[in-house]
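Please read the points beside the sequence and the model.

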Amino acid sequence: FLFMHVASATHNRAGEIRYQQLSDLTIKVELITYTKTSSIAADRDSILIMWGDGTFSNVDRTNGNGTILPNDTKKNVYQMNHTYPGRGEYTISMLDPNRIENILNVDPPNSISIPFFIQTKVKLFNTNFQGINNSPILTNPPLDIACLGQVFLHNPGAVDLDGDSLAYELITPLMDLGSPVPNYLYPNQIKPGLNNQIFFDVRTGNFIWNSPQLAGEYNIAIAIYEFRKGQLISTTIRDMQILVLSGCSDDQPPSISRIKDTCIIAGSFLNVDFIIDDPDRGKKGGNVKIQAYGAPFIIPPI
């Protein structure tokens, strides 16, 4: 009975917390989690957010029953405003009891028993002198798919609407405030070798894995540091999942023609043609799906 209870609680895949400063002491928080759709018993129509000032709130999900995505995944969004007692630095966080089962690099084979924890640090300024501050927006979803034996690349697509500088760090996922998950292995430590290496660019946030050697689900965590005039003003931790598939090992990724940087006048139109070629064209009858993320899709018009 206990085993069945734990199995039904398997739940969290990925997530992050972002915020928007509305005034000197008030922020709007958006907490996003990606969970296992089939874990109905563990579905959260509300989530507990800890504000870092000694208070917490039970926040309702704002996207209905959640958004159903492929690969047994549901996206959940929770939003709420919060007013702090004074200026300072606060850590917004969320803890949920269970990750999904069988994550290959999180305390294997016990990932189902490891809590899922994400946090974002916010520093509140005097808005009259230093302006407002919003956390970076990570435009690429924290779920990605890799192919066994092929090079994998992920970038969080971080955009800062305030023009602040960003830096990145690959860190160990957390299970509580200041507590890394136990027995964590970086992806290249699963069947290690010369053909299994990871590279992380602290300036761009590019995570490159060359190349996965065992199919299954992996989790990594990326810390995004926000600087203004050389001062660290916020840190966002993204806990994300990579699904490595074995059935696509002989499939070659499409190539996209290089696009030159372009200068245009504000308010005018930019039309860009993307030329995409699939080496497997005509062999398998598949299609290429194109998605676009980034600053142009989230920066509001002036």
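**Notes on the model**

1. Strands β3 and β4 form a hairpin, with 5 residues between them, and G52 in the turn has a positive phi of about 90°. The two strands, β3 at residues 46-50 and β4 at residues 56-60, pair in the antiparallel sense over 5 bridges. Within this pairing, M50 stands opposite F56 of β4. Strands here are DSSP runs (E, at least two residues; helices are H or I, at least four), numbered from the N terminus, and two strands pair if DSSP finds at least two bridges between them.

2. Basis of the values. The model is predicted: local features need pLDDT of at least 70, side-chain atom pairs count only at pLDDT 80 or more, and totals for chains, interfaces and linings use all residues. Residues are numbered from 1 along each chain as its sequence is written, and side-chain values use heavy atoms, with hydrogens and water left out.

3. An open sheet. Three strands are arranged in the order β11-β17-β16, with antiparallel pairing. Its edge strands, β11 (152-154) and β16 (197-200), each pair on one side only. Neighbouring strands of this sheet are turned by 10° against each other on average, direction ignored; the axes are lines fitted to C-alpha atoms (for helices over the stretch in contact), and angles run from 0 to 180 degrees between N-to-C directions. Between β11 and β17 (residues 207-210) there are 3 bridges in the antiparallel sense, and L153 has I208 of β17 as its bridge partner.

4. Aromatic pairs. The structure holds 4 of them. The rings of F152 and F207 have centres 6.3 Å apart and planes at 65°, so this pair is edge-to-face. It links distant parts of the chain, with F152 in β11 and F207 in β17, 55 residues apart. Both F152 and F207 are buried. Another edge-to-face pair is made by W209 and Y218, at 4.9 Å centre to centre and 80° between the planes. W209 counts as buried at 0% relative accessibility, and Y218 is also buried, with a relative accessible area of 0%. Rings of Phe, Tyr and Trp (its six-membered ring) pair if their centres lie within 6.5 Å; planes under 30 degrees apart count as stacked, over 60 as edge-to-face and the rest as tilted. Buried means under 20% relative accessible area, exposed over 50%, and partly exposed in between (1.4 Å probe, protein chains only).

5. The cavity. Which residues line the largest cavity? Its lining consists of H11, N12, T33, T35, R44, I47, N76, Y78 and D96. The lining divides into 2 nonpolar, 5 polar and 2 charged residues, where Ala, Val, Leu, Ile, Met, Phe, Trp, Tyr, Cys and Pro count as nonpolar, Asp, Glu, Lys and Arg as charged, and the others, Gly among them, as polar. The volume is about 30 Å³. On a 1 Å grid over the protein atoms alone, a cavity is a set of points where a 1.4 Å probe fits but cannot get out, and a pocket is an open set with protein on both sides within 12 Å along at least five of seven lines; lining residues have an atom within 4 Å of a point. Grid points are joined across faces, edges and corners, and a volume is the space filled by probe spheres set on the points.

6. A pocket. The second largest pocket has about 200 Å³ of space. Residues lining this pocket include R18, Y19, K28, V29 and E30, and β1 (12-21) and β2 each supply at least two residues of the lining. V29 lies in strand β2 and is buried at 0% relative accessibility.

7. Backbone details. The peptide bond from P108 to P109 is cis, with omega near 0°, and P109 sits in the loop between β7 (88-96) and β8 (116-124). D107 is in the loop between β7 and β8; its phi is near 40°, a positive value in a residue other than glycine. D107 is buried, with a relative accessible area of 11%. A cis peptide bond also runs from N210 to S211, with omega near 5°. N71, in the loop between β5 (67-69) and β6, has a positive phi near 60° and is partly exposed at 47% relative accessibility.
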